[in-house]
Amino acid sequence: NHRIKLYGDWQHAGMIIRPGNEPWIHNMVGCDPLYLVDHNVELLEPTLNHFNEQYKSRLRTYVINEFGTNGMLDDLPEQQFGFCLIYNYFNFKPIEVIKNYLIEIYSKLKPGGTVAFTFNDCDTPGGVDLSERKFMCYTPGSLIISLYNDIGYDLVQTYQLDSACAWVEL
């Protein structure tokens with residue numbers, strides 16, 4: 001939560017993929033504009049309900065399709081985002097889907113922009129346990145590191161949130 005506060009800045013556009021109903025979204029209301037992105041409009045409703053009508057009219061909502069023939073984020077502007085947050089979403093995605101997102105987000109970030117995300121770190125026993133019980137996807141941290149290095153990201157911050165999930169800022 002305190003890391004998210006660092007990026008809620010009116011000088012930069014922000015994006016949240018799968019915002020859900022988390023209270024930390026209030027730390028990003030300073031982003032101008034703030035984009036909310038998910039698979040369908042109904043999944044964005046809990047987030048929108050956090051705000052009054054005036055602020056809702058300032059939010060930009062986008063529906064994406066991970067399985068389409070075009071890029072998932074094609075409708076979003078290039079090199080405009082100062083911050084992109086993907087919290088508790090990659091935990092449930094296979095490595096190839098994470099790779100596709102990170103490639104597309106790379107082109108959406110402005111120079112110096114940051115993407116922060118969580119994932120199920122299967123370099124830890126807790127991450128492997130969740131994967132084996134089919135609660136989260138198998139995503140070894142070593143593969144995530146290789147993936148973001150190959151794309152061209154620079155690591156800003158990383159730490160373990162708990163026995164399974166890791167936080168990464170690129």
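Biologist: Which residues of helix α5 (residues 125–132) are buried?

Modeller: The model is a predicted one. In it, the face of α5 turned away from the buried side carries the exposed residues Pro 125 and Glu 132. The buried residues of the helix are Gly 126, Gly 127, Leu 130 and Ser 131.

Biologist: Within what arc do the buried residues of α5 fall, seen down its axis?

Modeller: An α-helix has 3.6 residues a turn, so residues three or four places apart point the same way. The buried residues of α5 line one face of the helix, because, viewed down its axis, they fall within an arc of 135°.

Biologist: Against which element do these buried residues pack?

Modeller: Just after α5, Lys 134 takes a positive phi of about 60°. As for the helix, its buried residues pack against β5.

Biologist: Which residues have the most contacts inside the largest nonpolar core?

Modeller: In soluble globular proteins, nonpolar side chains tend to be buried together. Here the largest nonpolar core has 31 residues. Inside this core, the residues with the most contacts are Ile 105 and Phe 117.

Biologist: Which element gives the largest share of this core?

Modeller: Elements that give two or more residues to the core include β1 (13–17), β2 (34–38), β4 (81–86), β5 (109–120), α6 (141–151) and β7 (165–169). The largest share is five residues, and it comes from α4.

Biologist: Which residues does Ile 105 touch, not counting those up to four places away in sequence?

Modeller: Ile 105 is one of the residues with the most contacts inside the largest core. Leaving out residues up to four places away in sequence, it touches Ile 17, Leu 73, Cys 84, Ile 86, Val 115 and Tyr 153.

Biologist: How many residues are in the other core, which lies apart from the largest one?

Modeller: Among the members of that other core are Tyr 7, Met 28, Leu 34 and Leu 36. The number of residues in this core is 18.

Biologist: How many disulfides does a search of the whole structure find?

Modeller: The sulfur of Cys 137 has its closest cysteine sulfur in Cys 122, 8.7 Å away, which is too far for a bond. Cys 165 is likewise in no disulfide, with the nearest cysteine sulfur, that of Cys 122, 9.4 Å away. The number of disulfides found in the whole structure is zero.

Biologist: In which element is confidence highest?

Modeller: The chain averages a pLDDT of 93, and 99% of the residues score at least 70. Confidence is lowest in helix α1 (residues 2–5), at a mean of 87. At 97, the highest value belongs to β4.

Key:
Residues are numbered from 1 along each chain as its sequence is written. This is a predicted model: local features need pLDDT of at least 70, side-chain atom pairs count only at pLDDT 80 or more; totals for chains, interfaces and linings use all residues. Side-chain values use heavy atoms; hydrogens and water are left out. A nonpolar core is a set of buried Ala, Val, Leu, Ile, Met, Phe, Trp, Tyr and Cys residues joined through side-chain atoms within 4.5 Å. Buried means under 20% relative accessible area, exposed over 50%, partly exposed in between (1.4 Å probe, protein chains only). Helices (H or I, at least four residues) and strands (E, at least two) are DSSP runs, numbered from the N terminus. Contact means heavy atoms within 4.5 Å. pLDDT is the predictor's confidence in each residue, from 0 to 100. The arc is that of the directions from the helix axis to the C-beta atoms. A disulfide is a pair of cysteine sulfur atoms within 2.5 Å.
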